[in-house]
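Could you walk me through this structure in my viewer, one selection at a time?

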Amino acid sequence: MKRLLKGGRVVDPAGGRDGAFDVLIEDGRIARVGRDLPAGDAVVLPVPAGCIVCPGLIDMHVHLREPGQEHKETVATGAAAAVAGGFTAVACMPNTTPVNDNAGVTAYMRQKAAEAGLARVYPIGAVSKGSAGEELADIGELHAAGCVAISDDGRPVATALLMRRALEYAEMFGMPVIDHCEDPSLKGEGVAHEGYHASLLGLRGIPNASEEIIVHRDIVLAGLTGAAFHVAHMSARGSLDAVRYGKARGVRVTCEVTPHHFVLTDEALARPVPYDTNVKMNPPLCEAEDRDAMLQGIADGTIDAIATDHAPHHADEKNVEFDRAPFGIVGLETAVPLVFDRLVHPGHITLRRMVELLSTNPARILRVPGGTLAEGAPADITILAPDLTVSVAAARLRSKSRNTPFDGWRLRGGVAATIVGGRTVWVNDGMAALGA
Amino acid sequence: MSERDAGRGGAAAGAEPAAGASRLRSKDLLGIAELTADEIRLVLDTAEAMKEIGERPIKKVPTLRGRTVVNLFFEPSTRTRTSFEVAEKRLSADSLNITVAGSSVVKGETLADTALNLEAMAPDLIVLRHPSSGASHLLARICRAGVINAGDGMHEHPTQALLDALTIRERKGRIAGLTVVIVGDLLHSRVLRSNVRLLTALGADVRVAAPATLMPPGIERFGVRALTSIDAAVDGADVIMMLRIQRERMHGGFLPSLREYFTVFGLTAERLRLAAPDVIVMHPGPMNRGVEIASDVADGPHSVILHQVANGVAVRMAVLYLLAGGVDHEATA
């Protein structure tokens with residue numbers, strides 16, 4: 001079956017395309033991209049005026065909670081949230097119960113994703129058995145089962161030696177090591193960014209140095225081993241400096257930043273709702289100087305990817321005292337509106353850069369298919385609506401959890417439709433023609 | 001919720017007209033941060049009137065008859081709980097003490113559930129002491145009853161700051177323009193945070209002193225002068241407040257030893273001589289003699305520590321009265 005996306009503006013940095021092109025899909029793959037392609041026997045999907053056709057967005061950092069924490073999220077509900085947010089693929093972290101440290105858990109996740117039939121789900125395996133920070137997990141078997149990277153996310157790779165071994169070992173399989181960079185002794189019992197706002201509210205602080213020290217450590221080790229290291233959810237300006245230093249010296253380091261870290265600051269601890277547990281995440285929201293540094297890094301190319309760190313938690317778990325609440329917020333369904341409203345429309349980045357951050361680069365870092373509209377590539381396509389007004393409503397999220405600090409926000413820019421393997425898996429209300 | 005929160009979180013000082021407040025705007029007292037300078041003065045003035053009740057042979061008035069006050073304590077506290085209880089009895093409120101040992105939290109009931117259960121008994125006020133900063137905000141969002149924060153984690157202890165202010169005002173006749181010094185474990189102290197807010201709102205010149213390891217990050221934005229020398233801090237001071245040093249701070253690596261703390265930061269008679277001749281010495285209790293304060297200073301002529309305790313009852317009566325039985329309380333008419 002053939003389908004023809006007609007009349008949109010194609011933005012595909014990998015293929016060097018930006019302009020009015022049609023995209024012909026055949027048997028789930030990109031068959032042709034060209035100007036004024038004849039419809040022939042293809043079903044024509046008219047792209048609404050002003051919309052952007054780009055390679056499918058990839059969120060390289062999500063928590064899908066299955067197996068073991070299905071009250072927060074399942075692979076199916078997470079995949080539904082992903083496609084509603086414009087993501088055709090997600091990479092899910094291994095801190096499930098049990099931990100994804102063996103091929104059986106990986107296979108289970110992939111099976112659940114296949115049953116859901118929405119977004120592609122790429123599991124990330126554990127660095128260490130049980131993510132306990134002692135012995136390496138069966139990394140080769142994880143790779144064979146379909147893992148695309150390794151990480152002990154939720155915690156840092158425990159020691160410099162373990163990180164060194166993980167980098168060396170994973171490199172044999174072409175997988176990066178993704179580290180949740182945090183020094184546990186400096187973090188202590190911290191629950192918020194160490195600074196004025198946490199001090200005023202009496203919340204135990206986590207200093208930026210907790211992240212920066214491990215980013216520095218890992219960059220040194222990536223230099224030592226020649227292997228690929230990726231910084232998860234970078235938040236501190238000193239970490240960004242470290243990444244610049246590493247890149248300048250040819251170290252294979254890449255990094256991601258979350259929408260909440262380029263939109264919010266630690267002032268959100270106090271306002272509008274004091275002690276709102278939906279602004280509790282790890283790493284914490286930092287100061288305006290850190291937020292501004294992230295904006296700068298996104299604009300100048302130091303930051304490779306935007307990832308959500310989608311971390312669903314049940315309402316009961318969040319409706320507690322601030323220091324007892326779990327860290328994390330959902331992000332899949334608010335990322336694109338936040339990127340448009342806070343990065344593209346204010347002029348920090350171009351549309352081309354947006355697509356690099358959300359598609360081209362995540363595909364390159366994880367070495368997964370997608371991130372391109374090249375002929376023969378899987379027809380994973382996101383159609384963006386830059387001028388769509390989005391009213392975020394936590395109660396209407398597809399995710400099983402509602403823990404977002406953006407409830408009630410009105411943002412300019414959204415998703416018109418999400419196409420995975422040539423099939424429209426999500427279409428915005430009022431753009432039904434794209435679902436044909 | 002947003003409507004109720006709209007009035008909160010702003011700076012305390014100067015938001016209200018000079019005419020003075022006649023009532024509190026909120027149903028809750030969560031912190032000094034939520035009070036205007038005029039509201040602070042209203043509580044202090046009301047407390048002065050309440051003091052007279054405590055001097056009568058029969059120390060009881062019917063003001064809060066038929067009102068229910070729950071004292072919900074998640075932390076051990078003798079002084080604050082007793083003080084609230086005495087205040088409630090003097091105002092004829094029906095009071096109920098619930099002391100939740102730390103282990104009950106492990107049993108699984110959340111604060112939100114505890115609140116809903118209490119709410120079913122329709123109390124007028126809940127007095128909450130809790131180890132988590134912000135716990136009283138959570139309770140106030142859930143409950144229709146007014147919430148009085150009797151100390152939440154490292155955040156605020158508003159009635160302590162109010163009784164301290166009442167004590168200072170009685171002794172000095174004013175707060176504006178005084179040099180007030182606060183010394184001790186600033187990092188973990190809710191008494192510090194409430195006092196800084198109150199004293200700066202009323203125009204005092206506030207200095208704080210602590211070892212660098214116990215100094216809250218960002219304190220320079222609190223509107224105070226932060227020092228690491230007690231000698232420099234107490235120089236010319238009108239009021240010195242000493243905060244308690246908790247023994248468990250040694251384990252966190254904040255301090256080498258209690259003995260060294262006394263050597264470097266303890267308030268001795270010698271250091272007291274650096275202060276103004278009529279300096280007053282305060283302590284929220286319970287004191288560690290020989291750790292943060294020498295016994296001869298604690299018991300000496302400059303000490304007003306026991307007056308603070310007496311004023312605690314009056315201030316808590318004032319807060320209970322203003323929140324549950326005060327003027328213009330149409331909801332219970």
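Start where the chains meet: select the 27 residues of chain B that are in contact with 21 residues of chain A, contact meaning heavy atoms within 4.5 Å. This is a predicted model, in which local features need pLDDT of at least 70 and side-chain atom pairs count only at pLDDT 80 or more, while totals for chains, interfaces and linings use all residues. Residues are numbered from 1 along each chain as its sequence is written, chains are lettered from A and ligands numbered from 1 in the order in which they are written, and side-chain values use heavy atoms, with hydrogens and water left out.

Together, chain B and chain A bury about 2000 Å², 56% of it on carbon and sulfur atoms; buried area is the accessible area (1.4 Å probe) that two parts lose on being put together, summed over both.

Next, go to chain A and select A:F262 and A:M354. They have the most contacts inside the largest nonpolar core, which has 97 residues. Such a core is a set of buried Ala, Val, Leu, Ile, Met, Phe, Trp, Tyr and Cys residues joined through side-chain atoms within 4.5 Å; buried means under 20% relative accessible area, exposed over 50%, and partly exposed in between (1.4 Å probe, protein chains only). Helix α12 (residues 335-344) of chain A gives the most to this core, with seven residues. Helices (H or I, at least four residues) and strands (E, at least two) are DSSP runs, numbered from the N terminus. Nine of the ten residues of α12(A) are buried, among them A:P337, A:F340 and A:D341. Leaving aside neighbours within four places in sequence, A:F262 is in contact with residues including A:L338, A:V339, A:R342 and A:L343.

Staying in chain A, show strand β16 (residues 381-391). Four bridges join it to strand β5 (residues 52-55), antiparallel, with A:P55 opposite A:I381. β16(A) also pairs with strand β17 (residues 410-420) in the antiparallel sense over eight bridges, and there A:S391 has A:R410 as its bridge partner. Two strands pair if DSSP finds at least two bridges between them.

Now move to chain B and colour the open sheet of four strands, in the order β2-β1-β3-β4 with parallel pairing. β2 (94-99) and β4 (146-152) stand at the edges, each with a single partner strand, so one side of each is left without a neighbour in the sheet. Inside the sheet, five bridges join β1 (residues 68-73) to β3 (residues 125-130); click B:N71 to find its bridge partner, B:V127.

Finish with the other open sheet of chain B, five strands in the order β7-β6-β5-β8-β9, with parallel pairing. Its edge strands are β7 (225-227) and β9 (280-282), each pairing on one side only. Four bridges join β5 (residues 179-183) to β8 (residues 239-242), and B:I182 stands opposite B:M241.
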